[in-house]
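Here is a briefing for a first look at a protein model. Keep the sequence and the 3D view open as you read.

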Amino acid sequence: MTYYKLKIPSFTQYKYAWAERPMKTNNSDDCSQCPKCGGFVGLLYWLPPYDIIIKQPKNVRDFVSGVIGGNFIVSERFKEKYEKSGLSGITNFKSVNIIQMGTTKKINYPIPKLLVVNIKITIAQVDYSRMNIKWLTKPKKNICALCGQGPDGAGGSYKSYDKIVLIKETLTNDNFFIPINLPGITMITEKAKNFIEDNKFTNVKLTPDFEARHNIIKIS
């Protein structure tokens, strides 16, 4: 089965809207933890109020990227369709409070209803040895066998990889998920891909796992 990397391209192309958080914002000191070693494997939990600023406000689409306290932002239409779809993997939807549209308050744009989405971090793992990873610093021997992390950066850091290879035996039934040892990357099943395409959700890019290249120098 093919899985797909979900990416919102707008943050790099400056074509559609993206979101930023204001200077004053609230975060918890806690986040998701690895069930094996207890290490942090996700973002710090975002605490209310969920205030955001929308940039490029003329073109708000179904998916909105940005530097926020969640994985990404979606439209109310996406939420309504998802809740009727029978799909799994989105842990929650939280309504955001849009405090500014654009860089100036002189232009009045309609305020869309948007929600921040958090994706489940599962025990699914990727196989580093089959992804042709180029390491900046290689993992050390004392890393966690599940999340791949360790003390003082022992998990290493990579420059690039040629594809994403999921370990079949570790996969769960979730349709949207983040592999525990590939933080920040949202993967989806073919069923979720069909859901996105059938509903014609906008501003989202789906790349097959075998073509999901990544390079920290050249973002694709």
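**Aromatic rings**

Tryptophan 135 is partly exposed, because its relative accessibility is 25%; buried means under 20% relative accessible area, exposed over 50%, and partly exposed in between (1.4 Å probe, protein chains only). This is a predicted model, where local features need pLDDT of at least 70, side-chain atom pairs count only at pLDDT 80 or more, and totals for chains, interfaces and linings use all residues. Residues are numbered from 1 along each chain as its sequence is written, and side-chain values use heavy atoms, with hydrogens and water left out.

- Rings of Phe, Tyr and Trp (its six-membered ring) pair if their centres lie within 6.5 Å; planes under 30 degrees apart count as stacked, over 60 as edge-to-face and the rest as tilted.
- The whole structure holds 16 aromatic pairs.
- Tyrosine 128 and tryptophan 135 make an edge-to-face pair, with 5.5 Å centre to centre and 90 degrees between the planes.
- Tyrosine 128 is partly exposed, at 23% relative accessibility.
- The pair of phenylalanine 195 and phenylalanine 201 is tilted, because the planes stand at 55 degrees with the ring centres 5.4 Å apart.
- Phenylalanine 195 is buried at 9% relative accessible area, and phenylalanine 201 is buried at 6%.
- Ring pairs also build a cluster from Phe63, Phe72, Phe78, Tyr82, Phe93, Phe176, Phe195 and Phe201.

**Charges over rings**

- A charge sits over a ring if NZ of Lys or CZ of Arg is within 6 Å of the ring centre and within 35 degrees of the ring normal.
- Lysine 79 places its charged end over the ring of phenylalanine 93, 5.9 Å from the centre.

- Helices (H or I, at least four residues) and strands (E, at least two) are DSSP runs, numbered from the N terminus.
- Two strands pair if DSSP finds at least two bridges between them.
- Strands of a sheet pair through backbone hydrogen bonds, either parallel or antiparallel.
- An open sheet of 7 strands runs in the order β8-β10-β7-β6-β2-β5-β9, and its pairing is mixed.
- Its edge strands are β8 (90-95) and β9 (97-101), and each pairs on one side only.
- Strand β6 (residues 63-67) pairs with strand β7 (residues 72-75) over 2 bridges, in the antiparallel sense.
- In that region, phenylalanine 63 stands opposite valine 74 of β7.

**The sheet of 3 strands**

- Another open sheet has 3 strands in the order β12-β13-β17, with antiparallel pairing.
- The edges are β12 (134-137) and β17 (214-215), each pairing on one side only.
- Strand β13 (residues 157-161) joins β17 through 2 bridges, and serine 160 has asparagine 215 as its bridge partner in β17.

**Around strand β14**

- Strand β14 (residues 176-179) is covered on both faces: Phe176 and Ile178 are buried on one side, Phe177 and Pro179 on the other.
- Strand β11 (residues 121-122) pairs with β14 in the parallel sense over 2 bridges, and isoleucine 121 stands opposite isoleucine 178.
- Strand β15 (residues 186-188) runs antiparallel to β14, joined by 2 bridges; the bridge partner of phenylalanine 177 is methionine 187.
- The hairpin of β14 and β15 has 6 residues between the strands, and glycine 184 there takes a positive phi near 85 degrees.

**Salt bridges**

- A salt bridge is a side-chain nitrogen of Lys or Arg within 4 Å of a carboxyl oxygen of Asp or Glu.
- The count is 6 salt bridges.
- One of them joins glutamate 20 and lysine 55, at 3.3 Å from N to O.
- Glutamate 20 lies in strand β2 (residues 18-20) and lysine 55 in strand β5 (residues 51-55), so this pair ties together parts 35 residues apart in sequence.
- Glutamate 20 is partly exposed at 27%, whereas lysine 55 is buried at 17%.
- Lysine 120 bridges to aspartate 174, with the closest N and O atoms 3.6 Å apart.
- Lysine 120 sits in the loop between β10 (114-119) and β11, and aspartate 174 in the loop between β13 and β14, so the pair ties together parts 54 residues apart in sequence.

**Cysteines**

- A disulfide is a pair of cysteine sulfur atoms within 2.5 Å, and the count here is 0 disulfides.
- Cysteine 147 is buried at 0% relative accessibility.
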